[in-house]
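This report walks through one protein chain, starting from a single residue and widening out. Keep the sequence and the structure open while you read.

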Amino acid sequence: MKEWEQQQEMKEMQQMGEDALFLMSTPVDATPLEKKKERMRKRLSPLPMRILGGILDKMWLLRVGACVGYLLPFLNALDFGEISISLYPYAVGVPPTEPLVNFFQNTLKMRYLYGAYLKSGYYFLIVWFIFIQTAVRNKAAPFYVRFHSSQAILISMLLGVPQQVFFAVLNPWESGLVVQTIMYHSMVSICLFIFALLLWCCCNALLKRQMTMPLVSEAAVMWAGKE
């Protein structure tokens, strides 16, 4: 009889959705819900998915997968670094972005990915649309994977604003020396800042931590959905 009652309660909670625990709890029992939500999520998840998720988590594949989305803003920042080298306005010295760009392009062999990014055009957006559907919109994925994937896409969207201003509006190769110098320092600052930011983001993704970046993290939580 007790098992039948538990089965009926489970069916009712599934019909009521994610807020079922709160709605069916007493005011005293409704306070510590995190552990109950975690137990309920495990009960509602199929056993093969729980086993597969545990194996992937132990092998750090899910954590590495949470970092994959940051390749898109990384390529945007690499674009700023490449162009800042060509705009270097001084007669002597080395642009501060050149060692980093050479390290990523040659040592880490990112030039193949960067070349595909430049040649693909709008086809690259199709790849990232598929990525959004499989990582961001997939509720079966852990929350930290969805959160960091969403945050990576939002950072890339924000980088699209200076890209349009620099390349479409100002056109650095046809501007005067003063404008080129200002654009050079702006691109170097953006490139170095984004590289440091993405390193911090990937460290948090590997540690399964949620970040508190102003505006961006809040929007990423809304896009990724509830835990």
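Gln105 sits in helix α7, which covers residues 98-107. Helices here are DSSP runs of H or I of at least four residues, strands are runs of E of at least two, and both are numbered from the N terminus. This is a predicted model, in which local features need pLDDT of at least 70 and side-chain atom pairs count only at pLDDT 80 or more, while totals for chains, interfaces and linings use all residues. Residues are numbered from 1 along each chain as its sequence is written, and side-chain values use heavy atoms, with hydrogens and water left out.

Is Gln105 buried or exposed? Gln105 counts as buried because its relative accessibility is 7%. The cut-offs are these: buried is under 20% relative accessible area, exposed is over 50%, and partly exposed lies in between (1.4 Å probe, protein chains only).

Asn102 counts as partly exposed because its relative accessible area is 33%.

Lys109 lies in the loop between α7 and α8, the latter covering 111-120. With a relative accessible area of 46%, Lys109 is partly exposed. Its phi is positive, about 60°, although Lys109 is not a glycine. Most residues other than glycine have a negative phi.

Lys208 is not a glycine either, and its phi is near 60°, a positive value. Lys208 is placed in the loop between α11 (177-206) and α12 (216-224). Its relative accessible area is 35%, so Lys208 is partly exposed.

Pro172 lies in the loop between α10 and α11. Why does Pro172 count as buried? Because its relative accessibility is 0%. Pro172 touches Leu87, Phe166, Phe167, Gln180 and Met183, not counting residues up to four places away in sequence. Pro172 and Ser86 are 86 residues apart along the chain, and their C-alpha atoms are separated by 9.9 Å.

Thr181 is found in helix α11. Thr181 is partly exposed, at a relative accessible area of 22%. Thr181 and Leu87 are 94 residues apart in sequence, yet 7.6 Å apart in space, C-alpha to C-alpha. Leu87 is also among the residues that Pro172 touches.

## A nonpolar surface patch

Which residues make the nonpolar surface patch of about 400 Å²? They are Val161, Val165, Val169, Leu170 and Val179. Patches are made of residues with over 30% relative accessible area and no salt bridge; like charges are joined within 9 Å, and nonpolar side chains (Val, Leu, Ile, Met, Phe, Trp, Tyr) within 5 Å. A salt bridge is a side-chain nitrogen of Lys or Arg within 4 Å of a carboxyl oxygen of Asp or Glu. Areas come from the Shrake-Rupley method with a 1.4 Å probe; for residues, only the protein chains shown count as cover.

Helix α10 (residues 143-170) gives the most to this patch, with four residues. Val161 is placed in helix α10. At 53% relative accessibility, Val161 counts as exposed.

## The whole chain

The protein chain has twelve helices and zero strands. Of its 227 residues, 37% are buried. Among contacts with a separation of 6 or more, 71% join residues 24 or more positions apart. The chain exposes about 14,400 Å², and carbon and sulfur atoms supply 66% of that area.

## Confidence

The pLDDT score is the predictor's confidence in each residue, from 0 to 100. The chain averages 77, and 72% of the residues score at least 70. Where does pLDDT stay under 50? That stretch is residues 26-32, for which the model has three contacts beyond four places in sequence.

Methods
Contact = heavy atoms within 4.5 Å.
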